[in-house]
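Here is a friendly first look at a structure.

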Amino acid sequence: MSPKTRIRKVLVANRGEIAVRVMRTCREMGLATVAVYSDADRGALHVRKADEAVHVGPSPARDSYLVVEKLVDAAKKTGADALHPGYGFLSENAALARACAAAGLTFVGPPPEAMETMGVKTVARRHMNAAGVPTVPGSEGPIADEQEAKAFADALGYPVMIKPAAGGGGKGMKKVEREADFLALWDSARRESAGAFGDERLYLEKFLDEPRHVEIQIFADEHGDAIHLGERECSVQRRQQKVVEESPSCILDERMRQAMGEVAVRAAKAVGYRGAGTVEFLVDAARSFYFLEMNTRLQVEHPVTEMITGLDLVRMQLEVAGGGRLVPQEAVARRGHAIEARIYAEDPGRGFLPSPGKITYLRVPGGPGIRDDSGVYAGWVVPQYYDPLISKLVAWAPTRDQAIERLIRALGEYTVHGITTNVAYLAAVLDHPAFRSGAYDTQFCERYAADLVRPPDPAFEDVALIAAAVEAYKRDRAAAEASVARAGSVAASRSNWARLGRARALRGGGA
Amino acid sequence: MSRYVALLDGGRREEPIEVRQTAPGQFEVRLRGRVHVVDAFRHDYGTLSLIVDTASYTAMLDERDSHVRVRVRDSVYPIEILDEKKLRMRRAAGGFTVEGRQTLAAPMPGRIAKVQVKVGDAVREGQALLVVEAMKMENELRSPKGGRVVEVLVTEGQVVEGNAKLCVVE
């Protein structure tokens, strides 16, 4: 590291599990940390984990976590010399990277120019086309007018995807099946995009049949080196939100992995990239791959890559941001199989309605090969304002089959009370024959929706009823005993009241 | 001995249960015509270790406002336990129905992203009435019945608590 960029204190401009994740590595590296928090997050775990914490405004993200000046001011106030943006929020916003540079802060991410080229999805598509990388057919740039957008979609042929130009992570992304639904979904996508990214530009893409979503993790340093860390298979998605991710992908062989890795590295080098990035591809039934987009930040599912490479991607981000050099490509080894399941505060039994609220009890799994990246604790009230992701549970094992069994086992140990989570849904995904066989695509959750929201097993209904009845009996008995005890103590306390009155009179005081 | 009725499937199914304590932690539970010998040991909060006849189970009890969600193995059973008094009150109040005035309540805390109807509008069953945004996702709330909108209690942009009254259809 060169002395001028030496990092000593990192402001983490995010919340939830990713803020906690970043701070953990900072602690291991001996770096001080600064948390930022909104009104709703005063009691959040990431505030507790940080050495310092700065309040940045009201609960809605647009008034706190999405305000560049407040984040930069918080860094200045605490003397932080670097800012880690996490994922989501402003992590792909070039204005934040520029503001950091102007304030003398190291932004843990790519240069703003590379973010603009890659972060704006439509510009990235143009660049990739120019570099000879195949892309999914769609609009050249964002479309402002909804009628013009509809005309484009009509010409492209349904189904089409509406996507936010500034975003990622499924927010504001809509699949339009029929012409009749277009305008309503366009409107909804624009509102979600504005709310999530502070940017309402949308573009259109043709929806490919039976596509798989495979992404390549890349890293680049400022010395001109770039490497890839292999793929993650992210085809298990619901409403364009990833649910389960794994590596290796069942459809990649070593030759295809190398080909995709090289394309991804070329893409990064072409735009002067630095830091961690992910190049997303759609792979069709014929195993042709198309550039989808590049995410110019750490991904939610980065632990999958960490588990099979043994690397700490946040540490690498911080080292590269401080001017450090990457390990050479040959030094990256991949071992075994890793699968991540995203635990969301949502109720699959009620159409996946969000389930914010107080966590009254929490017990997380442990044992061999298990990692739980959580952002919550028992007693925490999961706020309604932010993403429903509360934790990521990751299993590593020597083989895919063992990793599946291990993750199902760990999900069985995951206990969250007070709010409803998708833990049982995740176990059903992993246990589904189509998932186990590896022959699944991005339509998996939709196609097998009925299999994945399983009714409770009738075999154990009697046990559940017995448990509920015994607990009710114990509660009623305890209440009855308490009431008898109260009745007894009322009689006993009469003399106490009299004694208290006399004592007060002696002191000459009223109360 | 205590008599209870368990409501399953949101009140669509009833099972009578009798519980008799025979010793500390020892119970006889009569269910579906069978008497089970049950040894119940309470671990930490919400965790009950049950030995039913000879089989060993862990039941996790998640108490909510009106019901308890019991997890056994990989299944979760939402159950409402009523004693005889509560059951009589429930029967008097009437069962599960979509007759008459139906109040649409917020299924979770959130922000009203869109109000798609106004007082006096005729609506179909299943028609979207409002959009509530929570945790950055939009959720459409649909009419439980065909009829007419008689009350709209919220405006766009308003933040609401869970269970807040939003709209009434008659």
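Chain B has one helix and 16 strands, where helices (H or I, at least four residues) and strands (E, at least two) are DSSP runs numbered from the N terminus. This is a predicted model: local features need pLDDT of at least 70, side-chain atom pairs count only at pLDDT 80 or more, and totals for chains, interfaces and linings use all residues. Residues are numbered from 1 along each chain as its sequence is written, chains are lettered from A and ligands numbered from 1 in the order in which they are written, and side-chain values use heavy atoms, leaving out hydrogens and water.

Some overall values for chain B:

| Property of chain B | Value |
|---|---|
| Span of the C-alpha trace along its principal axes | about 60 × 35 × 20 Å |
| Residues that count as buried | 42% of 170 residues |

Buried means under 20% relative accessible area, exposed over 50%, and partly exposed in between (1.4 Å probe, protein chains only).

Now to a residue in chain A. A:L362 belongs to strand 18 (residues 361-363) of that chain and is partly exposed, at a relative accessible area of 21%. Leaving aside residues up to four places away in sequence, A:L362 touches A:V376, A:Y377, A:A378, A:Y414, A:T415 and A:V416; contact means heavy atoms within 4.5 Å. A:Y473 is 111 residues from A:L362 in sequence, and their C-alpha atoms are 25 Å apart in space.
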